[in-house]
Amino acid sequence: MSQIRFHFSAPRGAAEDLYRRLEAEFEEDGLPLALVEADEAEAIFEVSVYAEPDGDAEPRIRRILDEAGAGVALEREAMPDIDWVSHTLAGLKPVRAGRVLVHGAHDRDKREDGDIAIEIEAGLAFGTGHHGTTAGCLEMLQKILQAERPRDALDLGTGSAVLAIAVARLAGIPVLATDIDPVATEVAARNVALNGATALVECVTAAGFDHPRLAGDRQFDLIVANILAGPLMELAPQMARHAPAGGSLVLSGILDRQADDVVAAYTAQGFRHVETLHREGWSTIHLKR
Ligand SMILES: C[S@@+](CC[C@H](N)C(=O)[O-])C[C@H]1O[C@@H](n2cnc3c(N)ncnc32)[C@H](O)[C@@H]1O
């Protein structure tokens, strides 16, 4: 049966407060929640609770919203069951970024000798390789992996897992792939299996670094995070704790005009700016700690 996503939007402070209240309410039930920036300019955040359709989540969410005097409109959306056949890259051309070719099932014959071919069924997750941010990350990761030998990697905001699979295939190292959205994590795990990468890539649902697999400031030699400038700047202190000295960090999801602010937030945390790639108005930034 399809899951239901209950969601509402609110200004940042109110959204964070309501998210915390809902997190406490549903902690024992283990329902996944998400807090994502919906409108960066207006600092509007969207809170989602993913629940089974026959449960009691809706009245409990409404009670919390009433108690907080939130005055927000709660909406419900039936999550479509993922149809892996229709949600392929059908109609989209394969994307090449250096040695990496990202393609759908229908384009397996486009692989060439020497390609790192990644087959993606993006489904409801972001990351077909067509976006300037994903392509920028693929290019930057290949540059880094030509010069560095990381022992492990973190792909924070993995979406379809395209970057996690690319790193696993390029470097042959274990990759932890995380996403705040449980649907994306499901898609990610499916793609990891499709590409025979389950031995190296582990997919977990986590908001930022909030997960037992990231506890104790677990460090990764290579971190890639293609999310948005706002959350990336907020995560800077935590990124610094999870990156060892000499570790590389690739950040994307950053508009060109936001790049200086992001670099400043990270240099303040002890990172050094190495290089920025620009694609279609998006910046992909390489920093080293
Ligand atoms: C732009 S997509 C990137 C997907 C893929 N890594 C790529 O490069 O194509 C951003 C992903 O990050 C996830 N995300 C956003 N904020 C997050 C956070 N705070 N923690 C973990 N994941 C987050 C979103 O759900 C989404 O799947």
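This passage covers the pockets and the salt bridges of a predicted model.

Pockets come up first. The largest pocket has a volume of about 1,400 Å³, and 49 residues line it. Nearest its centre lie L35, V36, E37, I180 and I227. Sorted by class, that lining holds 24 nonpolar, 13 polar and 12 charged residues. As for where the largest pocket sits, domain 1 (4–78) and domain 2 (130–288) both give residues to its lining, so it lies between them.

The second largest pocket comes in at about 340 Å³. Its lining is made up of 15 residues, and Y19, E23, L31, P32 and L33 are the closest to its centre. Helix α1 (residues 12–26) gives the most to this lining, with four residues.

On to the charged pairs. Side chains of opposite charge can pair when their charged atoms come close. With a cut-off of 4 Å between a side-chain nitrogen of Lys or Arg and a carboxyl oxygen of Asp or Glu, the count comes to 23 salt bridges. One of these pairs R63 with E25, with the closest N and O atoms 2.9 Å apart. Since R63 sits in helix α2 (residues 57–67) and E25 in helix α1, the pair ties together parts that are 38 residues apart in sequence. R63 has a relative accessibility of 35%, so it counts as partly exposed.

Helix α3 and strand β13 also turn up in this set. R279 and E139 meet through their side chains in a salt bridge, at 2.4 Å from N to O. This pair links distant parts of the chain, with R279 in strand β13 (residues 272–279) and E139 in helix α3 (residues 132–147), 140 residues apart. R279 is partly exposed at a relative accessible area of 27%, and E139 is partly exposed as well, at 28%. K143 forms a salt bridge with E275, where the closest N and O atoms are 2.6 Å apart. Because K143 lies in helix α3 and E275 in strand β13, this contact ties together parts that are 132 residues apart in sequence. K143 is partly exposed, with a relative accessible area of 38%, and E275 is partly exposed at 25%. Finally, salt bridges with shared partners join E25, D29, D56, R60, R63 and E67 into one network.

Definitions and conventions
Residues are numbered from 1 along each chain as its sequence is written. This is a predicted model: local features need pLDDT of at least 70, side-chain atom pairs count only at pLDDT 80 or more; totals for chains, interfaces and linings use all residues. Side-chain values use heavy atoms; hydrogens and water are left out. On a 1 Å grid over the protein atoms alone, a cavity is a set of points where a 1.4 Å probe fits but cannot get out, and a pocket is an open set with protein on both sides within 12 Å along at least five of seven lines; lining residues have an atom within 4 Å of a point. Grid points are joined across faces, edges and corners, and a volume is the space filled by probe spheres set on the points. Ala, Val, Leu, Ile, Met, Phe, Trp, Tyr, Cys and Pro count as nonpolar, Asp, Glu, Lys and Arg as charged, and the others, Gly among them, as polar. Domain bounds come from an automatic or database domain assignment. Helices (H or I, at least four residues) and strands (E, at least two) are DSSP runs, numbered from the N terminus. Buried means under 20% relative accessible area, exposed over 50%, partly exposed in between (1.4 Å probe, protein chains only).
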